[in-house]
Amino acid sequence: CFKEEQRNMEENGKERPIPIKSSEKKQSAIKKFIKKISTTCIELYQNRVAFLCAFVVMFSSFQMGFHSAALNAPKRAITECTVNPNTFWQDCVQMTTFQWSWALSFMGVGALVGGTIFPTLSNYISRIYTLIILDILNIIGIGLQIGIPIYWCFWIGRFFSGMCVGGSAGIVLVYLGEMSPTRFRGLLSMFHGIGLTSALTIAAFAGIFLSYAPFGWRMILGISGIISFLQALALPLLPRSPRYLMMKGKYRQAWFSLVKLRGVLSLYALPNVSMGNPTGELDDIALLGQEKEMVHVIQEEE
């Protein structure tokens, strides 16, 4: 068969291709793999600001999981204790089973309200500032729950925390999607799941070990308040969503925000972006098809 194949190729004026050795194939595959890994590492380093943003915003997802599980274990510690009529400060917030059910339900109502209002509000005041407002609401809610031993104050506090949970559910993934490069969009969206599941785990273990410690249930809820406070301090330092800035006609700010997120001195340094056709990354974040207009406005200003 080999001779017949060689004869046919000679008659057709073709030379038989030299077979590639398996060792050469392995070396070529290894070189491609090493090149791919090195390119990925460089791109990860260039997009370090985007990963930092995802890490900070992840704590809004943390609130969603934490408030869902934080009150499971310490129910009795919160609702049952010996009341001292001579002092305002009590070890618990005395509630009947019916009142406790309402307390849990108020978080769901707050989540419904927050999930309806705040994603829409973020289109007017930006995603970052909306998340800051949600952190402030959560801090107020935690203060009402742990600071005033009256059941209806506990209800209102749960409602405020629920607004934080519902609003975060509608904003976190929007911000992550708008500021992420296409290649790492799935990886950065993973931070949402990490925040959610880690919060469930932390809340469960905190409930086991702190529920019946002195002021233990207040310490559990205090974890959420501390995280909201720290996040509210960090959020103003993050770049705003380039797509939001484009929606507001702030083309120059959108350009510089995207440059900061991608870790380059100019968007023209990015792959698939040329001086004649500045698309690629701008298309990746779906900037409403107005990339050329943004570039034109910036060039006119300069």
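Start with Arg243, a residue that is partly exposed, with a relative accessible area of 24%. The model it sits in is predicted. Arg243 forms a salt bridge with Glu178. The closest N and O atoms of this pair are 3.6 Å apart. The two partners come from distant parts of the chain: Arg243 belongs to helix H10 (residues 242–247), Glu178 to helix H7, and 65 residues separate them.

Now turn to Glu178. How far from Arg127 does Glu178 place its closest salt-bridge atoms? The N and O atoms are 2.7 Å apart. Glu178 lies in helix H7 (residues 151–179) and Arg127 in helix H6 (residues 127–147), so this pair ties together parts that are 51 residues apart in sequence. Are the two residues buried or exposed? Glu178 is buried, with a relative accessible area of 6%. Arg127 is also buried, at 3% relative accessibility. The cut-off for buried is under 20%. Side chains of opposite charge can pair when their charged atoms come close.

How many salt bridges does the whole structure hold? A search finds three. One of them joins Glu80 to Arg76, with the closest N and O atoms 3.6 Å apart. Glu80 is partly exposed, at a relative accessible area of 46%. Arg76 is exposed, at 52%.

Where is H7 kinked? The kink is centred on Ser168 and is about 35°.

Last comes confidence. The mean pLDDT of the chain is 79. Of its residues, 77% reach 70 or more. Over residues 268–293, pLDDT stays under 50. For this stretch the model has 48 contacts beyond four places in sequence. Where pLDDT is low, the predicted coordinates should not be read in detail.

Methods: Residues are numbered from 1 along each chain as its sequence is written. This is a predicted model: local features need pLDDT of at least 70, side-chain atom pairs count only at pLDDT 80 or more; totals for chains, interfaces and linings use all residues. Side-chain values use heavy atoms; hydrogens and water are left out. A salt bridge is a side-chain nitrogen of Lys or Arg within 4 Å of a carboxyl oxygen of Asp or Glu. Buried means under 20% relative accessible area, exposed over 50%, partly exposed in between (1.4 Å probe, protein chains only). Helices (H or I, at least four residues) and strands (E, at least two) are DSSP runs, numbered from the N terminus. The bend at a residue is the angle between axes fitted to the seven residues ending there and the seven starting there. pLDDT is the predictor's confidence in each residue, from 0 to 100. Contact means heavy atoms within 4.5 Å.
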